[in-house]
Amino acid sequence: MNGGGMPASGYMGSMPPQVTSGSPMTPTGSVMPTTAPAFEQSYIENIFRLNLGKIGTFYFTYENNKDWNAKVYKGVLEAAGRDHIIISDPATGQRTVLLMIYFDYATFDEPLTYQYPGVIGNPPVARNFR
């Protein structure tokens, strides 16, 4: 401790305030409350969760696999977690759990529900491809 009764590091032993992700803080360390709208962040699992029940084609690559290096799955998106998705075959009802570590990309034949941070709802779609 130094002469002022405070440890030399300047730390008084109290815990820092809990901060909601993205909340501003003042120079003194106070958290300023915000009225920001609640929405899902744009991570793939959240995009998938917004589109449960839709049929998609999912592309995966399994490196160092002698039997099959790349595999394509088609099915109804039933669930999405941080590290996996569950799809089902509409004809048989068979469910498959797929690990996201091997995921490359997905395609859907219908519009997707998509919310990006700071955008409410789906932004207008411009379709001028040439």
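Which residues do ring pairs link into a cluster? I started my notebook with that one, keeping in mind that this is a predicted model.

**Entry 1: the rings**

I searched the whole structure for aromatic pairs and got nine. I then looked at the Phe48 and Phe58 rings: the centres are 5.9 Å apart and the planes sit at 75°, so I logged the pair as edge-to-face. Phe48 belongs to helix H1 (residues 44-49) and Phe58 to strand E1 (residues 55-61), so this pair ties together parts that are 10 residues apart in sequence. Phe48 comes out at 2% relative accessibility, so I put it down as buried. Phe58 is at 0%, and I put that one down as buried too.

Tyr62 is buried, at a relative accessible area of 11%, whereas Trp68 is partly exposed, at 37%. While I was on Trp68, I found the charged end of Lys71 sitting over its ring, 4.6 Å from the centre.

Back to my opening question: the cluster linked by ring pairs consists of Phe48, Phe58, Phe60, Tyr62, Trp68, Tyr73, Tyr102, Phe103 and Phe108.

**Entry 2: Asn46**

Where does Asn46 lie? I found it in helix H1. Its relative accessible area is 7%, so Asn46 counts as buried, the cut-off for that being under 20%. Its side chain makes a polar contact of 2.6 Å with the side chain of Arg49. I also noted that the C-alpha atoms of Asn46 and Ala80 are separated by 7.7 Å, though these residues are 34 apart along the chain.

**Entry 3: the sheet**

What is the order of the strands in the open sheet? I read off E4-E3-E2-E1-E5, five strands with antiparallel pairing. Strand E4 (95-99) and strand E5 (103-108) are the edge strands, each pairing on one side only. On average, neighbouring strands of this sheet are turned by 45° against each other, direction ignored.

I took a closer look at one pairing. Strand E2 (residues 70-80) runs antiparallel to strand E3 (residues 84-88), and I counted four bridges between them. Which residue stands opposite Ile86 of E3? That is Ala79.

**Jotted at the end of the page**

I want to keep Phe48 and Asn46 together in my notes: Phe48 lies in helix H1, and Asn46 has its place in helix H1. Phe48 is buried at 2%, and Asn46 is buried at 7%.

Terms used
Residues are numbered from 1 along each chain as its sequence is written. This is a predicted model: local features need pLDDT of at least 70, side-chain atom pairs count only at pLDDT 80 or more; totals for chains, interfaces and linings use all residues. Side-chain values use heavy atoms; hydrogens and water are left out. Rings of Phe, Tyr and Trp (its six-membered ring) pair if their centres lie within 6.5 Å; planes under 30 degrees apart count as stacked, over 60 as edge-to-face and the rest as tilted. Helices (H or I, at least four residues) and strands (E, at least two) are DSSP runs, numbered from the N terminus. Buried means under 20% relative accessible area, exposed over 50%, partly exposed in between (1.4 Å probe, protein chains only). A charge sits over a ring if NZ of Lys or CZ of Arg is within 6 Å of the ring centre and within 35 degrees of the ring normal. A polar contact is a pair of N or O atoms within 3.5 Å; within protein, one must be able to donate a hydrogen and the other to accept it, and residues adjacent in sequence count only if both atoms are side-chain atoms. Two strands pair if DSSP finds at least two bridges between them. Axes are lines fitted to C-alpha atoms, for helices over the stretch in contact, and angles run from 0 to 180 degrees between N-to-C directions.
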